[in-house]
Protein chains: 2
Amino acid sequence: MSSPSNYDIVIIGAGPVGLMLSTCLARWGYKIKHIDNRAEPTPTGRADGIQPRSLDLLRNMGLKSAIMAHKPARVYEVAFWDPAKDGNGLVRTGTWASCPSFIDARYPFTTLVHQGKIERVFISDLEKNGLQIQRPWTIKGFKADEGLDPNYPVEVHLEHVDGGQRESVRAKYLFSGEGAKSFVREQLGITITHKDPISHVWGVIDGVVRTDFPDIKMKCTIHSRHGSIMVIPREDNMVRLYIQIASSTDPDFSPRKTATAEEVQASAKKILSPYSIEWEGVEWYSVYPIGQGISSKYTLDHRVFLGGDACHTHSPKAGQGMNAAFLDALNLAWKIHAVEAGLADRALLTTYETERKDVAESLLSFDNKYAKLFSERPPAATEVQAASEQASSASEDNEFVKTFKESCEFTSGYGVAYKPNALNWSPVHPARSRLIHPEGTKLRTGRLMANADVTRVIDANVVHLEQGVPLNGSFRIYVFAGNPSTTAKALKDFALHLTNKRSFFSSYLRPDIDSVSHHETHNPHSLFFTICTVIAARRDQIEIVRDVPSLLARYRDHIYADDRWDRRVPDAAAAAHAKMGLDQEKGGVVVVRPDGYVGVVVGLADGSGTVDALNEYFGSFCSKKLGETLAQL
Amino acid sequence: MSSPSNYDIVIIGAGPVGLMLSTCLARWGYKIKHIDNRAEPTPTGRADGIQPRSLDLLRNMGLKSAIMAHKPARVYEVAFWDPAKDGNGLVRTGTWASCPSFIDARYPFTTLVHQGKIERVFISDLEKNGLQIQRPWTIKGFKADEGLDPNYPVEVHLEHVDGGQRESVRAKYLFSGEGAKSFVREQLGITITHKDPISHVWGVIDGVVRTDFPDIKMKCTIHSRHGSIMVIPREDNMVRLYIQIASSTDPDFSPRKTATAEEVQASAKKILSPYSIEWEGVEWYSVYPIGQGISSKYTLDHRVFLGGDACHTHSPKAGQGMNAAFLDALNLAWKIHAVEAGLADRALLTTYETERKDVAESLLSFDNKYAKLFSERPPAATEVQAASEQASSASEDNEFVKTFKESCEFTSGYGVAYKPNALNWSPVHPARSRLIHPEGTKLRTGRLMANADVTRVIDANVVHLEQGVPLNGSFRIYVFAGNPSTTAKALKDFALHLTNKRSFFSSYLRPDIDSVSHHETHNPHSLFFTICTVIAARRDQIEIVRDVPSLLARYRDHIYADDRWDRRVPDAAAAAHAKMGLDQEKGGVVVVRPDGYVGVVVGLADGSGTVDALNEYFGSFCSKKLGETLAQL
C-alpha cells in the first residue's frame, strides 16, 4: 500500500555514495527520501579524484560533460622526488603514467575537481527528476520488520538537526551513506575491522601557491630529510598538499595530534627546499586521523544497507574513496531495481555485500602494498619502463613490475574483478551448455567489457561500443554477429528462440509493449534488456533488412559495423571482435550486466543453443522459471 | 572622446555572422551596440549545419560543448539514391564520407543542430560579457564622416520596429549582418552579382517522420522519376527535407512559385516510393527562392562593413551559409582588434574584403561544380574509393576524383585558402631573409596549421597543439625547437633578440607588464602574441630550466614535448614536427594568425636571423617601424 509517507528507499547522506544511488534510482522512477545533515553540499575540500573508469561511468550517465565544464586538472603522470645523494636538495627519481598504455582506457588520466562541484552535478540531475535533498536533517532511529509491513518493512525516524521538526516514514530500503561515522552501522552493531593496525594523522591543505618547484602541476610524492609530502594539482590554479603529521608507529603517537595551517605550510616549505613556495590563498585546511578499516557486514537483512566510507576507510594516497563509493552505489542500485521491477529474485541482493566487500578488501591490501612499494627501494628506470609498456611479457615481470601493474589497475579503477557467482559465470561454471565461454574469448567475467570503436549502420556515426547503451538498468546483450554469410542461420535461430514463450526475453516483455513509440531506442521490448548487434563487415556492405533478423533490427541505433581500425589490434579486420577474443567469422554473444561488468560469454550457434545458454544464465537469478527449447511455433 | 552614445561598433543583425563578431569583440573588451529586428532568436528552421572546421573554431572559443549538449545529429557519410534500372523504385548508388580521411580533421563530421540553439549559445556568452541584443530594433540610416569626428566617424540611427522609440549613436564601425536583404548594402548602393544565372525555388520542411527508408538518418541526395529530394538528419529524431520546387531553367519558371506543406509532403512521398513516409509532426516549413549572388564590395570606406548573407548567397545543398558567415566575422573581428588595440596599421582592414570575397567566389564556383558533379554521370565505385582514400596519388586522380576532393575540402571547411598578401607570405615572397619558408615545410600560408597532439611538459597532459591557445586575438608563435642539444644556441639567440628594443615583441609589450599575475597563461608580455615551444624529445627528458630560455619558459602552459605517436606519420619520432614538415633536429618557427591561418614559416637559426625575419613579417602590417638587429645590450 503506497501512502505519502511510504518510500521505495530512504537514503541518509548526500556524499558521493548517496548521490550516485539516488541519481540512478530517481532516473529509473523510484520514490526516494534523501536527507543530509549538512545545510549545503561540501563547500570546499574533501575527495577530489575521479578515476579513469569512474569517468567512463559518468559519461555513461551523461554527466561527464558537466564535470569537465569545471575545467578540472588532469593527472596523466606521477612524479617521485627523493633527497639528492649529496645531501643537497631534491631530485626527481622518476615519473610514470597514472594509467599506462597496457590499460586500454578511454581517458587515461585522473580528473581532479573538488567534491562539492561533483555533488552539485548529481544534485542538479536529481532536481530534473523532481528530487530535492532534505537538509539539514538527520536520522534518529529505524526498525525493519517484514512481519509488520511486508511491502514497506523499514520504519525510519528523521529529525531536523535543530531538533524542531520530526518525521517518520516507511520504506522498502534504508541506505546509509553517512561516511565513516555511521549512525546506522552503529545501531546495527556492525563492527569495523582494522586490516592494518597502523593509523596516521594527515594534514591537508588546498590553495594557490607561487613556487619554482617544476612539478607543481603533477601528482608528486616527495620524500625529503624533513618529511614527506604529496602534491595533487587542482582546478583554478590550486594545489593540494597532503602531509603526514603523525603515524601510529611514532613513539609518542596520538591520534589527536594536530597542527595549524601555518605549521603545515612551514613543514611544506622545509620539505620542498631548495625550491620556494609562497601561499597566495588557502581554500581549505584540515587535519584528520585515518586508519584502514572495513565493516564486517554491509547489511544484516538486505533491507538496510551501508556503502562508501560507512563500510571502508583507507589512506587518501591512492585517491580511491569517492570512486569506491560510486561503485558501491552502482552495484546496489541496479540490483534493487532488478528486484523491485520484477526481474530478479530477492536473493540477488546478497551479491551486493559479497561483491563489494571483496573489492574493498583487495583495495585495502593494495593500499598497504602501494605504500610499501616505494619505501623499500626506488625502482630502476628499466623497471618503470617495463611496467609502463603494453608489450612487456608476464614472464619478465619481477615483483616490482607486477605490483606496479596491479597498482595501476587499482588506481585507474579497471582492477575491479568480481568473483564468480550467479551473475559472473566463470569459464569453469558447471552449466550444462557447452557454448558457454567459447574458446579464445579474452573477456573476463566479473570485469569490464573491453572498449571498442564501431560504426553505427544507420547513420555511419562512430560509436564507443561500451557507451552505446546508457546506464539504464538494463542488461546489455551484445550479439557479435561475425560474418553474416557464415552466421545467417545462427542469427535467425537466435532471434527466433528469443521469442520462445519461456525464454528470458519473452518472460520479461514490457507490459506496455504495444504502445511503445517507434522512436524508443534502448528498450522497445523489455525494460531489462537492450540488444546490440555488431557485424564483422564494412558498414557500406551491410543491409539491415537483409542481414539482421527483424527482432534485432528493431534496435536500429544498436546495429554496428565492426570496421574501425584499432591500434591495439592493428592487423585485425574486425577490431571489436578481436578485442573481445571472438571469432570474426563465427561471432559470439556477450552479456554485460547493467553496471558494465561481463556476466557470461556464449557461442553463437545454429539452433536453440545460444538462447538456451542465456536462459540458463538468467535463470540462475531471475524471478521466473525460464524454459529451454519450448518453441512458440 | 567617449560618451554614453559612443560605441566601438554597431552591429545590425543577430544571426551567425553578427553574433560571431560581437562575441569575439565583447570578449576582447569592446563596447558594442548590437540590434536585431526579430523579437527573439530564430525559433525554428534556417541554417543548421556546422562544418568540421567550424567545430574546431567553436572549440577554440570554448563554445563547442554547449553546442554538443543539444545532442546534434552528426553526418559522417552522404548517400546517393537513383531510380532502379528496371524502373521499379530506388537504389543506393553509393555513399561516401562527408570528411574523408585524406582530410586530417579532429571532427570528421557535420554537426546538425538548429540555428536558434546555436544563436542562444552565443547570446549566453555575450551576456557573460554584459552585452544584451537590443530587440526588436532596426536601422533607419547612417553616415560615416571622418572629418566630423575622427574617433567615432559613423553616425547610426536606430528605431524600435514599432516606430515608437528612436536612438542615434556614434561608432567607430558599423557592421551589417542583416542577411540577404541588407538595408546597409542598399544604402551604400553596392550591387549583387549573380555568378550563375540559374535560380531555384526550394521547399524545406523539418519534422518527425515514420519511415522504412533505410538512410533516413544519413544525409542523402535522392533522384527519382518524380523529382529530387535532399534528406538531412536533425537532433531530436527530426529530419529536414529539401525539395526543389522550381528552377529558372523550367519553361514556366516564376521565382514566386510556391507550394503548401501538404504538397511538399505529397511530393516527398512520391519521390521516396516504394518506401513509406508518414509525418508525426512538422516543426518548420518554408518555401524560398534562392540564387547565387555575391556582393561587389564588402565595404566602401573600411568603417561600414558587410558580412554573411549580406555579401553572398548560394544554394543550401552544401550547407555553407552559416560556416561562411562565421569565418567572415572571425576574419573581421581580429583585424578590427589589431587596428584598434594599436598593433596594426589601419590598412590591414583592406584584407577583409580581399580575403573573404575571394573565398566567397571560390565557394560559388564550387557550388556550381558540385551540383553538376552528379547530374552528369554517377561515379564508379572505384572512383569513390580512390577519392576517399588518403593514399591515392595525384597522378591517378581523374576529373571526378579531383572535384570530389575539392568538394570535400569545401564542405568540411578546410578548403579556405587565403591568397598571398601582407599577412600570408608565400614561399616566393620577395622578403630579404633567406630563412623564410624553409625547405621541406608542409604548411601552406593562408591555410590552417596542421593539427597535432603534443604533451605539455609541466603536467604531462595531452594537448591538441592547434587548440592550446584560445581565440584571444593574439598571433600564435610556435617555436618548433627541434632537438634541444642541436638548437640550444639558436633558441637562446631567438629569445635574446626578441628583447631587442625594436623587435615586434618589444614594440608591443603590455603597458601593465609589471603587474601581470604570474598565473597569466597566454599573454604575460604582450596582448598581441602568445608563444608556444614544441621540443622534439620525450617529455621525461625535458627540463624546462635547462632546455628553454626563460622568456619562452614564461609561457609554461605552452612548453610541449613532441612525443605523441600519430597514425598519419607513423614512423616519425617527432610527429608534430613531421606533420608541419619541419626538421626534427633543426626545428623552425611558425607564425599563425589569430584566426588560425598560417602567416609565415621561418627557419630557426643561430644569431638574429629568425627574429629579423619575424620583424620583417610583422613590419609589413604593423603600426610601428620594427628594427632589425638593434640589440638592447
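Colleague: In which hand does α1(B) pass α4(B) in their crossing?

Modeller: Please keep in mind that this is a predicted model, and then look at the two helices in chain B, where α1(B) passes α4(B) in a left-handed crossing. Helix α1 covers residues 16-27 of chain B and helix α4 covers residues 115-128 of chain B, and their axes come within 9 Å and cross at roughly 20 degrees. Because angles under 35 degrees count as roughly parallel, α1(B) and α4(B) are roughly parallel to each other.

Colleague: Which residues of α1(B) and α4(B) meet, and how do they divide by class?

Modeller: From α1(B) come B:Pro16, B:Leu19, B:Met20, B:Ser22, B:Thr23, B:Ala26 and B:Arg27, and they meet B:Gln115, B:Glu119, B:Phe122, B:Ile123, B:Asp125 and B:Leu126 in α4(B). By class, this contact of α1(B) with α4(B) has seven nonpolar, three polar and three charged residues.

Colleague: How should I read the pair α2(B) and α7(B), and at what angle do they pack?

Modeller: Helix α2 (residues 52-60) of chain B and helix α7 (residues 321-340) of chain B pack at an angle of about 45 degrees, and their axes are 10 Å apart. These two helices are therefore oblique to each other, and the crossing of α2(B) and α7(B) is left-handed. The contact is made by B:Arg53, B:Ser54 and B:Leu57 on the side of α2(B), together with B:Asn323, B:Phe326, B:Leu327 and B:Leu330 on the side of α7(B). Sorted by class, the residues of this contact divide into four nonpolar, two polar and one charged.

Colleague: Turning to chain A, how far apart are the axes of α11(A) and α16(A), and which residues meet there?

Modeller: The axes of helix α11 (residues 484-498) and helix α16 (residues 609-619) of chain A are 8 Å apart, and the helices pack at an angle of about 45 degrees. That angle makes α11(A) oblique to α16(A). In this contact A:Phe494, A:His497 and A:Leu498 of α11(A) meet A:Thr610, A:Val611 and A:Leu614 of α16(A), and the residues divide into four nonpolar, two polar and no charged.

Colleague: What area is buried between chain A and chain B, and how many residues does each chain bring?

Modeller: The size of an interface is often given as the accessible area lost when the parts come together. Here the area buried between chain A and chain B is about 2,500 Å², and carbon and sulfur atoms give 47% of that area. A:Tyr76, A:His518 and A:His519 supply 20% of the area that chain A buries against chain B, which is more than any other three residues. The contact takes 27 residues from chain A and 27 residues from chain B.

Colleague: How many salt bridges are there between chain A and chain B, and which residues form them?

Modeller: Side chains of opposite charge can pair when their charged atoms come close. The count between chain A and chain B is four salt bridges, while the count over all chains comes to 78 salt bridges. Among those between the chains, A:Arg92 forms a salt bridge with B:Glu543, the closest N and O atoms being 2.6 Å apart. A:Arg92 lies in strand β6 (residues 90-97) of chain A, and B:Glu543 lies in the loop between β23 (529-535) and α13 (544-547) of chain B, so the pair joins two chains. The side chains of A:Glu543 and B:Arg92 also meet in a salt bridge, at 2.6 Å from N to O.

Methods. Residues are numbered from 1 along each chain as its sequence is written. Chains are lettered from A and ligands numbered from 1 in the order in which they are written. This is a predicted model: local features need pLDDT of at least 70, side-chain atom pairs count only at pLDDT 80 or more; totals for chains, interfaces and linings use all residues. Side-chain values use heavy atoms; hydrogens and water are left out. Axes are lines fitted to C-alpha atoms, for helices over the stretch in contact, and angles run from 0 to 180 degrees between N-to-C directions. Helices (H or I, at least four residues) and strands (E, at least two) are DSSP runs, numbered from the N terminus. Angles under 35 degrees count as roughly parallel, over 145 as roughly antiparallel, 65 to 115 as roughly perpendicular and the rest as oblique. A crossing is left-handed if the near helix is turned anticlockwise from the far one by less than a right angle, and right-handed if clockwise. Contact means heavy atoms within 4.5 Å. Ala, Val, Leu, Ile, Met, Phe, Trp, Tyr, Cys and Pro count as nonpolar, Asp, Glu, Lys and Arg as charged, and the others, Gly among them, as polar. Buried area is the accessible area (1.4 Å probe) that two parts lose on being put together, summed over both.
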